[in-house]
Structure formats: C-alpha cells, structure tokens
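Here's a quick tour for anyone opening this entry for the first time. Have the sequence and the 3D view side by side, and take the topics in order.

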Amino acid sequence: MRARRSCLAVPGSNPRFLEKAQGLAADEVFLDLEDSVAPGAKKDARANIVAALRDGDWAGKTVVVRVNDLTTEWTYRDVIEVVEGAGDRLDCVMLPKVEDASHVTWLDTLLGQIERATGLPDGRIGIEAQIESARGLVAVDEIAGASPRLETLVFGPADFMASIGMRTLVVGQQPPGYDEGDAYHYILMRILMAARAHDLQAIDGPYLQIRDADGFRQVARRAAALGFDGKWVLHPSQVEAANAVFSPSQEDYDHAELILDAYEYYTTVEKRGAVMLGDEMIDEASRKMALVVSAKGRAAGL
Ligand code: GLV
Ligand code: MG
C-alpha cells in the first residue's frame, strides 16, 4: 500500500505551486486539473503538469493527477495527455464525482490502451475514486469493486454537502443546528466499509478553513479514529498535522509491539490461546488489531 497520510492538492495551473510541492513532506501530491483550475486554464494546466512530472523531483511521494469528471468535455484528453506525456512518472489517476462503476471501468479501459500504446507495464497506473454525491455513495460497493487498478476511495465533502443539500457553507465543519452528533459519520463509515471490503485505502477530503489548525486536527482525528488512512491537505501548514494524526502515537506503537511479542511467546512456547498481559486479556483478535497499529507505525518510521 502506498503512503497517503497527507494528500496535498496542487493546482495544475500554478507552476510555482507545482515547484514548491516537491519540497514538502506530503505522502501524496495530486496535481489537479479539476475544480482548482478555471475552464480557460485547463489546456495549459495539462502541459504544466506533464512538464512538472517530467522535470521535477517527486522521489518518495505517491504521485497522482486528478482529471476532470466524466460529465465534462475534458476528461479523455486529460487522461491521454498526462499519461502519454508522463505515465512513467505517475502512480495514479484520480477520478472525481464517480457515481457509477462504469465510470471506473471507462478509465480502466482507457489507461490499458495508453499503457499498451506507450509500452508502459500493464496495470501500472492505479485509480483513486472520489465519492462526492448521494449517487456515488449509494453505488459505492459496486464502484469499489469495479477495477483491480483501484487503490483508494476518497470522500469529497464539498461536492457531497452540495449534493445532499446540507445546510452549511463551511466545508468539513459540522452544520449549524446539528450539535449533538457528527453529520459525516454515516458517509465516512459507508465509504470505509466499501473500501475495506475491497482491500482499498480510505481517504478523507479537504478542510477548507486553512488558518484553523485546531479545526483541521479535530476533523482529521475523527477520520483517523474510524480507520481512515489519510486526509487531503490544501496548504503546507496542514501537512505535518496530517502526518502526525494518521500515524499511531509512539505509545500505541510500543504497546502494539508488546502485544505481538507477548502473544507470539504465549501461543508458540506455552501453547496458550487467550492470555493476560498486565491487566489486559489478549487473544488472536488482539493480535490482529496490534498488527494494524504496528504496520502503520512502521510505515511512519516509528
Ligand atoms: C473535493 O473534491 C470536495 O468536493 O470536497
Ligand atoms: Mg469535489
């Protein structure tokens, strides 16, 4: 699995940002052709992105390009120009506003043709699918199983809130009047279940109040607590916070390693199933939970 604790959005229309992004500690960068690029700037943005992928230093990052959605006139050319121009530098194409499994299979077929035509290894380019409407959420299971290229499902809160008529204009925050619970809980869990049922990662979308560091942390911690793998970041100041929130704490990591060591010892040397570790009873399920924390901790370099 590729690292995606922090997924940095970079507008393809801004060469300065394309340059700057290379020096930031984001796990993933996605170079955008969709909503951060004005209609009149799409063509130049494709060329900027190909040049940045070809000439830039993206080492150590998951490199993604977000194309326009399938209702536009831009999508096919976005995919063809970027993948023909720099497919050997690209990990995934992100498809926004996915509402049906056929959207993913369309992209899968096109990517396969470009790979064959340009001599790229078969299946090299992965897919990230954004779920950002009621239709997309209702079809999320079929979408998640639509292609072996799929690597992640990504929640798009801004478009989603518009799609369902949620009464707020502040993306990522709770709508005023809904004070007791978390208005996003169902959506996040629905996406997470579909992702995990198909061995995909689940990524939370943007928090647009970029000066509100506490708000970002709070929203990110919620998604991380449920099991999400990472979150979009829109500004360099959010990168470190996302990397920290989506990594286990040192304490949790150490605890997980202890459970794994103790369990290994008791089950193999003493041949016991459920055993006590201090005040805590551990068994095979505890081992599985500890493995998740341990794997995330190792990926984060703990
Ligand atoms: C992201 O694309 C969003 O709509 O929130
Ligand atoms: Mg969107």
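Helix α7, residues 157-164, gives the most to the shell around ligand 1, with three residues. Keep in mind that you're looking at a predicted model.

**Around ligand 1**

- The residues surrounding ligand 1 are P96, Q130, E132, G156, P157, A158, D159, G205 and P206.
- Sorted by class, that shell has four nonpolar, three polar and two charged residues.

- One spot to look at is C7, whose bridge partner in β8 is W232.
- P11, for instance, has D32 as its bridge partner in β2.

**A closer look at β2**

- Is strand β2 enclosed or open? Five of the five residues of β2 (residues 28-32) are buried, so this strand is largely enclosed by the rest of the structure.
- Both faces of β2 are covered. E28, F30 and D32 sit on one side, V29 and L31 on the other, and all of them are buried.
- As background, side chains in a regular strand alternate between the two faces of the sheet.

**Nonpolar cores**

- The largest nonpolar core has 73 residues. V65, V93, A129, L153 and I191 are those with the most contacts inside this core.
- Helix α8 (residues 185-197) gives the most to this core, with six residues.
- Setting aside neighbours within four places in sequence, I191 is in contact with I131, V140, L153, F155 and A202.
- There's also a second, separate core of six residues, and A256, Y263, I282 and V293 are among them.
- In soluble globular proteins, nonpolar side chains tend to be buried together.

**Two residues with a positive phi**

- Most residues other than glycine have a negative phi.
- K97 isn't a glycine, yet its phi is positive, at about 50°. You'll find K97 in the loop between β4 (92-95) and α4 (101-118). K97 counts as buried because it has 23 C-beta neighbours inside 10 Å.
- D199 isn't a glycine either, and its phi is positive, at about 55°. D199 lies in the loop between α8 and β7 (201-204). Because D199 has 10 C-beta neighbours inside 10 Å, it counts as exposed.

**One more loop residue: Y184**

- Which loop holds Y184? Y184 lies in the one between α7 and α8.
- Is Y184 buried or exposed? With 24 other C-beta atoms within 10 Å, Y184 is buried.
- Y184 and D279 are 95 residues apart in sequence, and their C-alpha atoms are 35 Å apart in space.

Technical notes
Residues numbered from 1 in each chain as written. Chains lettered and ligands numbered in written order. Predicted model: local features only at pLDDT ≥ 70, side-chain atom pairs only at ≥ 80, totals over all residues. Core = buried A, V, L, I, M, F, W, Y, C linked by C-beta atoms within 7 Å. Buried ≥ 20, exposed ≤ 12 C-beta atoms within 10 Å, placed from the backbone. Helix = DSSP H or I, 4+ residues; strand = E, 2+ residues; numbered from the N terminus. Contact = placed C-beta atoms within 7 Å. Near = placed C-beta within 6 Å. Nonpolar A, V, L, I, M, F, W, Y, C, P; charged D, E, K, R; others polar. Pairing = 2+ DSSP bridges.
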